[in-house]
Amino acid sequence: MALGLVLAACVREPAPGPTPEPVLTNSVPATATPLPSSTSTPEPELGLSGDIILWHSWNGEDLKILRSMLDRLQSDHPDLYLDAVHVGPSEVRWRLLDAILAGNGPSLLLGPIARYPDLASEDLVQPLNGYMDLVQEAHLLSSAWYGNIIASSLVALPAWVETVALYVNTNLIAPDEVPRTLHDLLARANMSDSPLLGLYISPFHLGWGFPAHGAVMLDAGYRVVLDQQPGAEAWLTWLREANQSGGIWISQDYAELQRAFRHGELPMIIDGSWVLDSFVTALGDSLRVLSIPDGPAGPARPFVTSESFFVIAGQSPRDTDASVMAALTLIELAADSPHTTRGLPAAQREFDADPRAAREFKALLEQTVPMHVGAGAKVIWDLAQIMFERALAGQEPPADLVARFSLLVNEQTDR
């Protein structure tokens, strides 16, 4: 994935107006406005015509889904010339710069929102604040929309989102027996001789524990403030105690955790939306997707990030209009398409072909908060990874780890 920092195991690279980019706290709006149940794509207010060139890095089954959406867009708009070009993830920046300088750049780029700082450093994409009314009418998941606002600008349009949730094998544990709080989960784990829950060590997989314990990672100026709240220390303490129990398996071996869950050796795992298909295939109707247990301060609020449409710089106003409308129409079509390994649709609507687990996962997206992908993001998540690893090693007091993390991030990001 992905975020270009600590999510290599996810097999990917690396959440209006003058509102500042939201901080990672449970004060961030997270409730999406429901979309109508109709599966028809509304006719856009602006006509779609002219040339639209989309660059992407998709392959396999995901590419088949993307192509079917592009075919639908083309058939619905006969005056539109649509072309899709595959570009390797490592080639995007330099090829995009060369294409723009040569005057033949694409209209849209589909890629992770975490790529934005790299694109913005060369002014390769343009802000979209002027289209805010149209974006609001799209009724996107709010945490995904806010996650695409960076430095007060809407920089991309989220199409698919990724987050984590609690997967449960009901052949091994009944849904009504799943602990609803972290306190109950730890108590049960301390009485178990075999693992009940698998946790992968990464900020994306474990960051939900901070809001569950009442901790806010960043303030409005994007300064780390975990050292100013007892909740951060409490979360690291819980993880350390969980790691010492017999019932919670915390590991850096991501593949082994997934294998154990798929093979019925692990009743529960907290994992991402990108593995939903493989778990459904392995477990069928025995798979459930439930909320992560609440903490002492309230619900767990996992991070969300997105696969988004960037509008490429250098286009005329007319071409920019067409690019934005094409992206919004594709986002609507994504809501009526099978989910991909890139995530679940940012425009939420029930899809009849979805298995139960997918419908349950979609219902949990409202609990998410945007993962910070702006300035200093790599520093934050690299150092957060080290903090989690050292907390689980048990050789340093959690309070010292939180203090060091906050100090180092703020120093290195000039906060």
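Analyst: Helices (H or I, at least four residues) and strands (E, at least two) are DSSP runs, numbered from the N terminus. This is a predicted model: local features need pLDDT of at least 70, side-chain atom pairs count only at pLDDT 80 or more, and totals for chains, interfaces and linings use all residues. Residues are numbered from 1 along each chain as its sequence is written, and side-chain values use heavy atoms, with hydrogens and water left out.

User: What percentage of the 415 residues counts as buried?

Analyst: The chain has 15 helices and 14 strands. Buried means under 20% relative accessible area, exposed over 50%, and partly exposed in between (1.4 Å probe, protein chains only). By that rule, the buried part of the 415 residues is 57%.

User: How many residues are in the largest nonpolar core?

Analyst: In soluble globular proteins, nonpolar side chains tend to be buried together. A nonpolar core is a set of buried Ala, Val, Leu, Ile, Met, Phe, Trp, Tyr and Cys residues joined through side-chain atoms within 4.5 Å. Y167, L199, L226, W238 and L239 have the most contacts inside the largest one. Its residue count is 80.

User: Which helix gives this core its largest share?

Analyst: The core in question is the largest one, with 80 residues. Its largest share is 9 residues, and they come from helix α14 (residues 377–393).

User: Which parts do the buried residues of α13 pack against?

Analyst: In helix α13 (residues 356–364), the buried residues are A357, A358, E360, F361, K362 and L364. Contact means heavy atoms within 4.5 Å. The partners are β7 (164–169), β10 (268–272), α11 (276–283), β11 (287–290) and β13 (344–345).

User: How many residues apart in sequence are the parts that the W58 and W160 pair ties together?

Analyst: Rings of Phe, Tyr and Trp (its six-membered ring) pair if their centres lie within 6.5 Å; planes under 30 degrees apart count as stacked, over 60 as edge-to-face and the rest as tilted. There are 12 such pairs, and W58 with W160 is tilted, at 4.9 Å centre to centre and 55° between the planes. Both W58 and W160 are buried, each at 0% relative accessible area. W58 lies in the loop between β1 (50–56) and α1 (60–76) and W160 in strand β6 (residues 157–162), so the sequence gap is 102 residues.

User: Why are D382 and K378 separated by about one helical turn?

Analyst: A salt bridge is a side-chain nitrogen of Lys or Arg within 4 Å of a carboxyl oxygen of Asp or Glu. D382 and K378 form one, 2.6 Å from N to O. An α-helix has 3.6 residues a turn, so residues three or four places apart point the same way. D382 and K378 are about one turn apart because their spacing in helix α14 is 4 residues.

User: Which residues do salt bridges that share partners join into one network?

Analyst: Side chains of opposite charge can pair when their charged atoms come close. The structure holds 10 salt bridges. Some share partners, and the network they join is R93, D118 and E122.
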